[in-house]
Every structure is written in C-alpha cells, then in structure tokens.
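The notes follow in the order I made them.

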Amino acid sequence: MEITALLARVRNYLDITWEDAALDEKLTDMLQRGMNYLNRLAGEILPFTQDSPEFGLLMNYCLYERANQLDMFQRNYIHELNALQLDCQVNRHAGA
C-alpha cells in the first residue's frame, strides 16, 4: 500500500478528522519510521495491505508514537512482533 493510502488509513485510525498539513507530515514520518522498523524486524519489505498483520502493527505503532509511548509498543506487542518475524522466516524458508 502506498504512503498516501496509509496516511488516510492512519488518520482514520487515530480519529483525526480535521485537515492539517503539518500533522500530515508528522504522520507520514511516523508511518515511514514504523514501516522501516517492521520491515527490519521481518527481514523483508512488507506489503502493509489492509488485512495483514503488519498493517495492524503499523497502525498501533503510530498510535503509540503519537502518544509519546513508543517505548511501550514493543512491550505490549512483543507476541505479535515475534509472530511476524517467525511467519516471515517460515515463508522465506519455504520459498527457498
């Protein structure tokens, strides 16, 4: 999913209904950092489609970062992050 579509999704997820270009820039940066983080954990470039596990993790990453609680993200989502890593490793191994 491209960053413009993700921006619309994260604005909806965070209940941001007003227009604010500066906020959109911050949200885009958050999305990019979250995508980089999750891609690094997965060891591959993830598609972030709406129904994928990484999409939900990305939305929650942005929620935590916006609340200045990013340090709690990994603690609260460690099981989902581990599952994402394992799924990606299994898929890579199966495709080899």
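The model is a predicted one.

Aromatic rings. I searched the whole structure and found six aromatic pairs. One of them is Y64 with F73, an edge-to-face pair with 5.8 Å centre to centre and 70° between the planes. I checked burial for this pair, and both Y64 and F73 are buried. I then looked for a cluster and found that Y37, Y61, Y64, F73 and Y77 form one.

Helix α4. I next took α4, which spans residues 70-95 and bends by about 75° at I78. Which residues of α4 are buried? I noted F73, Y77, L81, L84 and C88. The spacing made me recall that an α-helix has 3.6 residues a turn, so residues three or four places apart point the same way. I looked up what covers the buried residues of α4, and the cover includes α2 (21-42) and α3 (53-66).

The charge at E54. I located E54 in helix α3. Is E54 with or without a salt bridge? I found none, although E54 is buried. A salt bridge needs a side-chain nitrogen of Lys or Arg within 4 Å of a carboxyl oxygen, and the nearest side chain of opposite charge, R92, is 11 Å away from E54. I did find a polar contact of 3.2 Å between the side chains of E54 and S52. Leaving out residues up to four places away in sequence, I listed L38, L46, P47, F48, T49 and L84 as the residues that E54 touches.

Key:
Residues numbered from 1 in each chain as written. Predicted model: local features only at pLDDT ≥ 70, side-chain atom pairs only at ≥ 80, totals over all residues. Heavy atoms only, no water. Bend = angle between axes of the 7 residues up to and from the residue. Helix = DSSP H or I, 4+ residues; strand = E, 2+ residues; numbered from the N terminus. Buried < 20%, exposed > 50% of the residue type's maximum accessible area, 1.4 Å probe, protein only. Contact = heavy atoms within 4.5 Å. Phe/Tyr/Trp six-rings, centres within 6.5 Å; stacked < 30°, edge-to-face > 60°. Lys, Arg positive; Asp, Glu negative; His and termini not counted. Polar contact = N/O pair within 3.5 Å; in protein donor to acceptor, adjacent residues only side chain to side chain.
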